Amino acid sequence: MQIRFTKMQGAGNDFVVLDETRGRLGLTPAHYRYLGNRHFGVGADQILTVRPSPAEGVDFEYVIHNADGSEVEQCGNGARCFARYVHDKGLTDKRVIRVQTLSGVIAPELHADGRVTVDMGAPQLDPVKVPFDGDGLQVQKLGSTQKWPLALDVSAQDAAVWIAPVSMGNPHAVQLVADVDAAPVEIHGPLIENHKRFPQRVNAGFMQIIGRSAVKLRVYERGAGETLACGTGACAAVVAGIGWGLLDSRVDVHTRGGLLTIEWAGGAEDRVRMTGPAEFVFEGQIDIPETL
């Protein structure tokens with residue numbers, strides 16, 4: 001089965017983009033895993049699929065699969081690349097594009113300098129709706145939000161980290177670290193991702209505060225492992241930091257793949273805006289087995 005694809009990246013978070021506007025490709029989770037495999041396939045953190053408008057008032061449907069084949073609700077860096085793709089491919093001439101995702105409608109806006117701003121919607125801080133099971137935990141109040149202890153089984157010894165559960169359409173667990181480069185992302189990341197208190201698994205964010213308008217961030221993503229950048233993770237981290245009273249309303253997030261700028265006024269109904277790069281890498285055609 002031959003499939004045409006486009007490779008894109010946003011701040012180092014890389015994607016295989018597929019066009020299904022003229023018909024479904026009929027791919028299975030195994031096919032998505034094959035495409036995302038960096039040894040046998042194209043290689044990507046996520047596979048993004050462009051589909052026709054599913055409803056009036058919406059321009060496209062945006063479907064996201066992680067490298068492990070699982071479908072997920074949202075991907076902020078992917079949303080920027082999605083917008084750049086449909087515009088550059090002539091699928092739309094709009095600069096503001098309304099896109100249906102699994103978690104709702106978003107509206108990426110393309111700028112003349114090549115960057116894209118995405119209205120990521122209002123964050124969800126209710127633990128039950130993240131979802132996060134905080135039953136029996138002693139919560140710590142900080143600023144206008146909370147920190148929750150999360151016990152991790154590390155080398156047969158219980159270790160606890162303090163996290164803020166935040167949903168940006170997908171679940172995140174944000175924690176503060178003194179030095180993001182020295183943080184145990186490879187060890188704690190998978191333990192947090194698969195923690196029993198997150199029934200849908202979770203993206204684990206490790207944030208170092210540089211100042212009130214700048215942070216460093218690493219994210220161990222659900223179904224993808226650590227990536228060079230995570231758009232929804234950057235949004236969740238800034239939301240947590242603002243809620244804790246540690247950050248201002250506009251924050252530059254320095255990831256290992258590049259710079260993202262996040263804006264949030266701090267209210268429960270206020271929407272988060274993310275601005276960052278979206279770049280074409282290459283395109284081609286790949287033969288993948290029909291059955292895997």
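User: Which residues does Val253 touch, not counting residues up to four places away in sequence?
Analyst: In this predicted model, Val253 is listed with those that have the most contacts inside the largest nonpolar core, alongside Tyr62, Met207, Ile262 and Val272. Leaving out residues up to four places away in sequence, the residues that Val253 touches are Val215, Leu217, Ala234, Val238, Gly258, Leu259, Leu260 and Ile262.

User: Why is helix H2 described as largely enclosed by the rest of the structure?
Analyst: Helix H2 covers residues 76-88 and reaches 19 Å from its first C-alpha to its last, close to the 18 Å expected at 1.5 Å a residue. Buried means under 20% relative accessible area, and among the H2 residues that are buried are Arg80, Phe82, Arg84 and His87. H2 is largely enclosed because the buried residues number twelve of the 13.

User: How many residues in the lining of the largest pocket are nonpolar, polar and charged?
Analyst: The largest pocket has a volume of about 160 Å³, and of the 15 residues that line it, the closest to its centre are Ser103, Met120, Gly121, Ala122 and Gly169. Strand S7 (104-110) and strand S8 (116-121) are the elements that give two or more residues to this lining. By residue class, the lining divides into six nonpolar, seven polar and two charged.

Methods
Residues are numbered from 1 along each chain as its sequence is written. This is a predicted model: local features need pLDDT of at least 70, side-chain atom pairs count only at pLDDT 80 or more; totals for chains, interfaces and linings use all residues. Side-chain values use heavy atoms; hydrogens and water are left out. Helices (H or I, at least four residues) and strands (E, at least two) are DSSP runs, numbered from the N terminus. The expected span of a helix is 1.5 Å times one less than its number of residues. Buried means under 20% relative accessible area, exposed over 50%, partly exposed in between (1.4 Å probe, protein chains only). On a 1 Å grid over the protein atoms alone, a cavity is a set of points where a 1.4 Å probe fits but cannot get out, and a pocket is an open set with protein on both sides within 12 Å along at least five of seven lines; lining residues have an atom within 4 Å of a point. Grid points are joined across faces, edges and corners, and a volume is the space filled by probe spheres set on the points. Ala, Val, Leu, Ile, Met, Phe, Trp, Tyr, Cys and Pro count as nonpolar, Asp, Glu, Lys and Arg as charged, and the others, Gly among them, as polar. A nonpolar core is a set of buried Ala, Val, Leu, Ile, Met, Phe, Trp, Tyr and Cys residues joined through side-chain atoms within 4.5 Å. Contact means heavy atoms within 4.5 Å.
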